[in-house]
Every structure is written in structure tokens, then in C-alpha cells.
Amino acid sequence: MGESSDSVSIDIDMVPFGGKECVVKTSRGSVSVFVCGDQEKPALITYPDVALNYSFCFQGLFFCPDAASLLLHNFCIYHIDASGHELGADEISSDFPLLNVDDLAEQVAEVLDFFGLEKVLCLGVTAGAYILTLFAMKYQERMLGLILVSPICKAPSWTEWLYNKVLMNLLYFYGMCGVLKECLLQRYFSKFFWQEFRSGEHGAESDIIQACRRVLDQGQSLNVLHFLQAINERHDLTKGLKELQCKTLIFVGESSPFHTESLHMSATMGSKNCGLVEVQACGSLVTEEYPLAMLIPIELFLMGFGYCKQPNFPSSSSNGPNPTSPLNHSCIAPELLSPESLGIKLKPIKTRADINI
């Protein structure tokens with residue numbers, strides 16, 4: 001870890017990913033970073049969506065054995081939480097100036113400086129995807145690649161702006177109330193997921209919904225409000241995307257409120273640098289709703305950089321195809337499997353396709 005008189009590393013007992021949590025003091029406030037893996041390996045930076053932290057936003061993906069054999073084998077993971085979104089966070093002082101999206105992107109750069117990281121791969125979800133994309137545009141020389149989940153890239157529409165204003169008023173006056181939690185859950189998950197998986201046995205909510213509610217309950221309302229306000233005042237990245245020379249893989253659920261914007265982002269970047277994977281019957285949080293749909297595209301994408309799975313690692317697909325997976329090898333266009341296309345010319349594909357076996 002790099003030395004800095006303005007930074008401190010703190011070990012936390014509760015580390016669900018088996019690493020350590022650090023608090024990095026930047027010029028724009030403190031940032032919690034959970035470090036998982038060998039710091040001698042290349043770096044993978046993650047950034048979650050509004051009101052979430054790394055422990056929920058990415059656990060569905062990273063707990064898949066196939067993902068562990070690919071990501072944890074090749075990378076050291078640096079999970080960055082938005083200011084005040086980490087587990088056990090205190091409320092950010094009202095005296096501290098509000099951060100905008102450019103400030104949040106600069107925080108990412110300062111985190112990289114603290115850990116002595118030069119080039120990184122980034123993985124972000126929706127609001128987190130925007131912050132990492134903005135960081136990539138500012139620091140292209142530090143980018144290895146981008147993996148974005150239901151990303152946003154344009155200034156908010158009047159509808160989104162007004163809707164977010166309502167959410168911010170709820171946060172300010174009522175905190176993380178029941179209505180607000182329902183709104184956020186619908187932001188993350190598809191209607192299909194709610195109908196099929198919200199209710200478990202005896203009418204009880206499924207584990208994933210309960211876990212998400214607990215994360216929202218534990219969050220500091222005003223901290224969430226500050227992050228949401230920054231995202232609601234974001235600027236349009238379309239012009240910069242045309243000049244961004246960074247290999248990018250985009251996942252988006254077809255039922256995501258940000259589906260159209262993600263398609264716009266993919267089209268703007270072009271097929272030479274950007275691959276698109278649309279996941280049918282899925283919302284924004286593909287990492288939790290259908291993480292298995294991400295495994296094969298990520299594996300192919302990383303092969304373009306020379307990374308591969310750990311040999312002889314226990315695989316969830318070692319005993320045949322997983323019937324619950326919305327993605328199957330036969331869903332992928334043959335062109336995607338050619339060496340010259342890996343990580344470069346990823347074709348848009350539809351997952352959860354009907355396949356006769």
C-alpha cells in the first residue's frame with residue numbers, strides 16, 4: 001500500500017469477502033475501500049449504485065464459483081463505496097461541502113494513487129457505472145477496460161429529475177421509509193423478478209429482497225441523499241464517449257429503467273470498443289438478479305486481455321448446464337468466439353433465450 005500522511009488503513013472484523021476494509025482520506029473526504037485478494041495482482045475497481053454498498057451490490061456475482069475462478073484468480077478487487085455508504089457509516093457532517101459527479105470521479109483517482117495503482121479494470125452499476133465512466137474519460141491512460149451494468153450516460157430527463165427530487169424529499173423528511181425502499185427495490189429489480197421471486201415459501205420474502213431491505217435500513221439517509229443529488233445533477237457524457245478508446249462491456253436488463261440509455265451508450269461508443277449484452281426479464285441489478293448471465297461474456301471479454309479461469313477450480317457448471325442460468329453457450333453468436341473478436345467486437349446478444357436441448 002502506498003504511503004500517505006492523509007490516509008489510514010483500518011481492519012474491520014466483519015469482512016464478508018475475506019479481505020480488509022480501508023478508509024482512504026482524499027481531498028474530497030474519506031472513502032471506504034474494501035480490498036480483497038493479492039495486491040500484487042492487477043486491480044479491479046468496483047463502484048455500486050445509489051443506496052447500496054459493495055457487500056450487496058456485487059455479492060451475487062462474486063459468490064459464483066465461476067466468477068471467483070476468473071476474477072479473484074486474476075485480480076485484486078478494490079470495492080469503493082460512495083462516501084457514507086459503507087457498513088456502519090456515520091452521517092456526513094452538514095458542514096462538509098456537497099460533492100458533484102466530477103468530485104466523485106476524482107476521489108476514484110485519489111484512491112488509485114493511494115494504493116499505487118496505474119492501470120485498472122472497472123466494474124460499476126448504474127450510478128457507479130456513470131462515475132467510473134467519467135473517471136475513464138478523465139484518465140484514459142489509467143484504464144484497462146470497463147464492465148458496466150445498466151449504465152447511465154446522459155443528463156437526467158425531466159421525468160427522472162422530478163422522480164429523484166421526490167425521492168430526495170422523502171429521504172430528507174422521512175428517512176429510509178417504506179415507500180422509498182419500495183421505489184429503490186423497483187429501481188434495482190425487474191417486475192418479472194418481483195412476481196416470480198419476491199415471495200418465497202409461506203408468502204415470506206425471498207432472501208435477496210430481505211438482504212436488500214437490510215442494506216437500505218442500515219444506510220444513512222442523508223448520505224444517500226447526497227449521492228442521489230450528485231447523480232441527479234450529472235452532465236451528458238455522450239460527446240466524450242465518442243472519444244473514449246477503452247474496451248467496454250455493457251450489461252443491461254431489458255426491464256431496467258435505464259435500458260434505453262444503456263443502448264444509447266453502446267451505440268455511441270461503437271462496436272469496435274463496446275460490446276452489449278441484454279438480459280431478458282431482468283432489471284438494473286444484473287449482478288444480483290441474474291449473475292450467471294454475466295459469466296460467459298466476462299470470460300470472453302477478459303480473454304481479450306490475456307486472462308483466463310484458474311485451472312481445476314470447482315465450477316458451478318462442472319456437472320452440466322445449470323438449468324437456472326439465463327445464459328447458455330449456445331446463446332452466443334459464433335463470431336463472438338473467434339480469437340480476433342474476444343474483448344473487441346463483442347456482438348449484442350440476448351440471454352434467457354428459449355433453447356431446445
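Accessible areas here come from the Shrake-Rupley method with a 1.4 Å probe, and for residues only the protein chains shown count as cover. By that method the protein chain exposes about 15600 Å², and carbon and sulfur atoms supply 52% of it.

This is a predicted model: local features need pLDDT of at least 70, side-chain atom pairs count only at pLDDT 80 or more, and totals for chains, interfaces and linings use all residues. Residues are numbered from 1 along each chain as its sequence is written, and side-chain values use heavy atoms, with hydrogens and water left out.

**Overall make-up**

The protein chain has 14 helices and 9 strands. Helices (H or I, at least four residues) and strands (E, at least two) are DSSP runs, numbered from the N terminus. Of the 357 residues in the protein chain, 55% are buried. Buried means under 20% relative accessible area, exposed over 50%, and partly exposed in between (1.4 Å probe, protein chains only). A contact means heavy atoms within 4.5 Å. Take the contacts in the protein chain between residues at least 6 apart in sequence: 77% join residues at least 24 apart.

**The core**

A nonpolar core is a set of buried Ala, Val, Leu, Ile, Met, Phe, Trp, Tyr and Cys residues joined through side-chain atoms within 4.5 Å. The largest one has 114 residues, and Phe115 and Phe189 have the most contacts inside it. Helix α4 (residues 101–115) supplies the largest share of this core, 9 residues.

**Strands β5, β6 and β7**

Two strands pair if DSSP finds at least two bridges between them. β6 has a partner in β5 and another in β7, as the table shows.

| Strand pair | Sense | Bridges | Residues opposite each other |
|---|---|---|---|
| β5 and β6 | parallel | 6 bridges | Val120 and Met143 |

β6 is mostly covered, with 6 of its 7 residues buried. The chain runs from β5 through α5 to β6 in a right-handed β-α-β crossover. Right-handed means that, with the strands pointing away from the viewer, the path from the first strand over the helix to the second runs clockwise.

**Helix α12**

Helix α12 spans residues 259–269, and its buried residues are His259, Glu261, Ser262, Met265, Ser266, Thr268 and Met269. These pack against α5 (127–138), β6 (143–149), α11 (238–241), β7 (248–253) and β8 (274–279). Just after α12, Gly270 takes a positive phi of about 85°.

**Aromatic pairs**

Rings of Phe, Tyr and Trp (its six-membered ring) pair if their centres lie within 6.5 Å; planes under 30 degrees apart count as stacked, over 60 as edge-to-face and the rest as tilted. The count comes to 11 aromatic pairs. Phe34 and Tyr54 have ring centres 4.7 Å apart and planes at 20°, so they are stacked. Phe34 lies in strand β2 (residues 29–36) and Tyr54 in helix α1 (residues 54–57), 20 residues apart. Phe34 is buried at 0% relative accessibility, and Tyr54 is buried at 1%. Phe301 and Phe305 have ring centres 5.2 Å apart and planes at 75°, so that pair is edge-to-face. Phe301 is buried at 0% relative accessibility. Tyr78, Phe114 and Phe115 form one aromatic cluster.

**Leu52**

Leu52 sits in the loop between β3 (43–47) and α1. At 1% relative accessibility, Leu52 is buried. Not counting residues up to four places away in sequence, Leu52 touches Cys57, His85, Tyr188, Cys212, Val215, Leu216 and Leu285. Leu52 and Gln218 are 166 residues apart in sequence, yet 10.0 Å apart in space, C-alpha to C-alpha.
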